[in-house]
Amino acid sequence: MADRAAFLVHLAETLRGIEAEGLMKRERQISGPQGAHVEMEGRRMLNLCANNYLGLADDARLIAAAKAAMDADGYGMASVRFICGTETSHRRLEARLAEFLGMEDSILFAACFDANGGVFEPLLGPEDAVISDSLNHASIIDGIRLCKARRFRYANADMDDLEAQLRAARDGGARFILIATDGVFSMDGYLAKLPEIRALADAYGAMVLVDDCHATGFMGPQGRGTPAHFGVSVDLLTGTLGKALGGALGGYVAGPQVVIDLLRQRARPYLFSNALPPAVVGAALAALDIVEGADDLRAQLFDNARYWRAGLEAAGFRLLPGAHPIVPVMVDEAPLAQAMARELAQRGVHVAGFFFPVVPRGKARIRTQMNAALTRDDLDFALEAFAGTGRAVGVLA
Ligand SMILES: *Cc1c(COP(=O)(O)O)cnc(C)c1O
């Protein structure tokens, strides 16, 4: 029986291994608000890696709404929802989200991680099957692990494989089948093939759940997400308040009334975790009003994305294709991604290198993200920094 000291030595060795492989993540500290520019360790930096797609994270209207909600309803709820933690504003936000997303109702969670962690287990039993895209977010993977349904997995966006898994689930006698996919795959910026997925689901009598964290607020008409972008309907949506909708925190599931009603009875992260604070709820309500009418911000966002992609490609960088504001610059090796992020920081641009375990080994990248608050000058500055960095670290000839 090894002792506590040996256990701590073992953990320290694991950390040393992470460091030796070039996989150690270091957190840079921001002072002041999140935005297109941030003050980071005493320096003003251009920030190209927030999920702040519409630039609302420091929006004065959201701050005012959060303050007003705190003045009206206080700071904390000190309760889960079902004991004494439900404010009228919680129900208002749930109804508002449902209306925005075209669903019957929605239910709030502390984060989308919790929404995905809690949505599968109450809905599906051992007689059922869940079919998951191989690149789905970690929280979907964990949520599926926590449910007793039979698990099937298909290669990312591979519709032949999805059909093979649907057939296997059906031939295996599954009672209900649920396909789960990210609406946008966050490491690549690729969109799920929702029209094809919907058609296959209909052919096999399956349902579709879409996690639309990297789409809600800016993809599709009025920012209603990838189903609206493609003009298809899905059965369940999960999403976050922590990205385009102001960037604070909070998640939700939206769908048919009975699904939401059952989740309220059975979803463990909902039952056993605190209610969202009034400030977040109040600001989220304001964010939805802003977002619905923010065609100007969405136009700016996608204009920035087009300009940024074109500039990087002209400089000779290797990108993953697409039109989404997630623009991954591929460098393959983790140490190179680290070196590039360090060099860009020297030049006043904050980006994050992404490498194992958040992307597969050998597919390291700098994941850049556009937002509506970035100006043409900001992007020109960043393009120059990228070109200089690319040459300095040997990514560009
Ligand atoms: C960010 C993200 C989550 C987690 O959302 P939180 O609200 O931050 O927990 C879940 N799924 C996807 C696809 C995401 O991108």
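Let me start with a network: Arg81, Arg91, Glu94, Asp105 and Arg264 are linked by salt bridges. A salt bridge here is a side-chain nitrogen of Lys or Arg within 4 Å of a carboxyl oxygen of Asp or Glu.

A word on the ground rules. This is a predicted model, where local features need pLDDT of at least 70 and side-chain atom pairs count only at pLDDT 80 or more, while totals for chains, interfaces and linings use all residues. Residues are numbered from 1 along each chain as its sequence is written, and side-chain values use heavy atoms, with hydrogens and water left out.

Take one pair from it. Glu94 and Arg264 meet through their side chains in a salt bridge, at 3.1 Å from N to O. Where do Glu94 and Arg264 lie? Glu94 is in helix H4 (residues 88–101), and Arg264 is in helix H10 (residues 257–266), so this pair ties together parts that are 170 residues apart in sequence. When I say helix or strand, I mean DSSP runs, numbered from the N terminus: helices are H or I with at least four residues, strands are E with at least two. Are Glu94 and Arg264 buried or exposed? Both are buried. Buried means under 20% relative accessible area, exposed means over 50%, and partly exposed is in between, using a 1.4 Å probe and protein chains only.

Now the whole structure. How many salt bridges does a search find? The search finds 25. One of them joins Arg361 and Glu21, with the closest N and O atoms 2.7 Å apart. Arg361 sits in the loop between strand S15 (352–354) and strand S16 (364–369), and Glu21 in the loop between helix H1 (4–20) and strand S1 (30–31), so the pair ties together parts that are 340 residues apart in sequence. Glu21 counts as partly exposed, at 42% relative accessibility.

Arg145 and Asp142 meet at 3.1 Å, N to O. Both lie in helix H6 (residues 138–145), 3 residues apart, which is about one turn of the helix. Arg145 is exposed, with a relative accessible area of 54%. Asp142 is partly exposed, at 27%.

We work on a 1 Å grid over the protein atoms alone. A cavity is a set of points where a 1.4 Å probe fits but cannot get out. A pocket is an open set with protein on both sides within 12 Å along at least five of seven lines. Lining residues have an atom within 4 Å of a point. Grid points are joined across faces, edges and corners, and a volume is the space filled by probe spheres set on the points.

How many cavities of 30 Å³ or more are there? The search finds 1. The largest cavity has a volume of about 80 Å³. Its lining includes Arg81, His90, Phe109, Tyr270 and Asn274. Remember Arg81: that residue is also in the salt bridge network. Strand S4 (105–109) and helix H11 (268–271) each supply at least two lining residues. By class, the lining has 7 nonpolar, 3 polar and 1 charged residues. For the classes, Ala, Val, Leu, Ile, Met, Phe, Trp, Tyr, Cys and Pro count as nonpolar, Asp, Glu, Lys and Arg as charged, and the others, Gly among them, as polar.

Now the second largest pocket. Its volume is about 280 Å³. It is lined by 15 residues, and the closest to its centre are Ala57, Ala66, Gly246, Ala248 and Ala283. Helix H2 (60–73) and helix H12 (278–292) are the elements that give two or more residues to this lining. H12 gives the most, with 4 residues. The lining divides into 12 nonpolar, 2 polar and 1 charged.

Next, domains. The bounds come from an automatic or database domain assignment. Domain 1 is 27–54 + 295–393, and domain 2 is 60–292. Their centres, taken over C-alpha atoms, are 27 Å apart. The contact takes 18 residues from domain 1 and 18 residues from domain 2. Contact means heavy atoms within 4.5 Å.

Last, some backbone details. The peptide bond from Phe356 to Pro357 is cis, with omega near 10 degrees. Pro357 lies in the loop between S15 and S16. Ala157 is not a glycine, yet it has a positive phi of about 60 degrees. Ala157 is in the loop between strand S6 (150–154) and helix H7 (159–171). Ala157 is buried, at 17% relative accessible area.
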